[in-house]
Amino acid sequence: MKYDDLLNVPYKKFGNGLDGINCWYAVFECCRRAGTPLRDIFSDLEHLPAEEVNDYINKGLNVREIPTPKVGALVYSVYRGNAHVGYIVERGKVLHATFDKGVKISPIEALHPIAYYEVVDESKHIQNTIEQTGSG
């Protein structure tokens with residue numbers, strides 16, 4: 001997946017383009033480019049307290065929590081008291097956007113991860129549900 005054009009893009013609250021981007025849209029764009037698109041729930045996520053974000057992610061996004069990091073997974077953490085996400089672009093390295101540095105690559109450990117998530121392909125999930133229930 002190509003992501004070098006995202007590096008050094010400045011942080012912008014609610015930003016979703018190459019003129020400025022926030023951490024959610026950096027992850028959202030990485031997922032889109034990787035062929036594992038996320039549902040866009042950012043407008044709701046932005047207004048939640050950091051301690052409620054993990055539950056919201058589990059209920060509102062097409063992701064599932066995984067026990068260990070892997071390339072293509074999302075990293076959830078808290079940065080300066082705010083919910084923060086990043087995208088694992090290679091083993092041990094996360095692409096994310098911060099207030100002070102914009103989009104950059106950091107070691108996973110630097111984000112002090114709380115949880116890891118992988119994107120669920122909703123079309124496959126729906127098909128598996130139909131097959132398991134005998135519907136369709």
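User: Before we start, what should I know about the model and its numbering?

Analyst: Residues are numbered from 1 along each chain as its sequence is written, and side-chain values use heavy atoms, with hydrogens and water left out. The model is predicted, so to speak of local features we need pLDDT of at least 70, side-chain atom pairs count only at pLDDT 80 or more, and totals for chains, interfaces and linings use all residues.

User: Okay, aromatics. How many aromatic pairs does a search of the whole structure find?

Analyst: The general idea is that a pair of aromatic rings is described by the distance of the centres and the angle of the planes. Here, rings of Phe, Tyr and Trp (its six-membered ring) pair if their centres lie within 6.5 Å; planes under 30 degrees apart are stacked, over 60 edge-to-face, and the rest tilted. The search gives 4 pairs. In one of them, the ring centres of Tyr11 and Phe99 are 5.0 Å apart with the planes at 85°, so this pair is edge-to-face. Tyr11 sits in the segment before β1 (16–17) and Phe99 in the loop between β6 (93–98) and β7 (102–107), 88 residues apart, so the pair links distant parts of the chain. Helices (H or I, at least four residues) and strands (E, at least two) are DSSP runs, numbered from the N terminus.

User: How many disulfides does the structure hold?

Analyst: A disulfide is a covalent bond between the sulfur atoms of two cysteines. With the cut-off used here (cysteine sulfur atoms within 2.5 Å), the count is 0. Take Cys30: the nearest cysteine sulfur belongs to Cys31, 7.0 Å away. Cys30 is buried at 0% relative accessible area, and Cys23 is buried at 12%.

User: What does Thr98 touch?

Analyst: Thr98 lies in strand β6 and is buried at 1% relative accessibility. Contact means heavy atoms within 4.5 Å; leaving aside neighbours within four places in sequence, Thr98 is in contact with Tyr11, Tyr79, His84 and Lys104.

User: And the salt bridges: which residues pair with Glu118?

Analyst: Side chains of opposite charge can pair when their charged atoms come close. The criterion is a side-chain nitrogen of Lys or Arg within 4 Å of a carboxyl oxygen of Asp or Glu, and the structure holds 8 such bridges. Glu118 pairs with Arg64, with closest N and O atoms 2.5 Å apart. Glu118 is in strand β8 (residues 115–119) and Arg64 in strand β3 (residues 63–66), so the bridge ties together parts 54 residues apart in sequence. Lys70 also bridges to Glu118, again at 2.5 Å, from the loop between β3 and β4 (74–79), 48 residues away. Glu118 is buried at 14%, whereas Arg64 is partly exposed at 47% and Lys70 partly exposed at 41%.

User: Which residues are linked in a network of salt bridges?

Analyst: Asp5, Glu29, Arg32 and Arg33.

Note on methods. Buried < 20%, exposed > 50% of the residue type's maximum accessible area, 1.4 Å probe, protein only.
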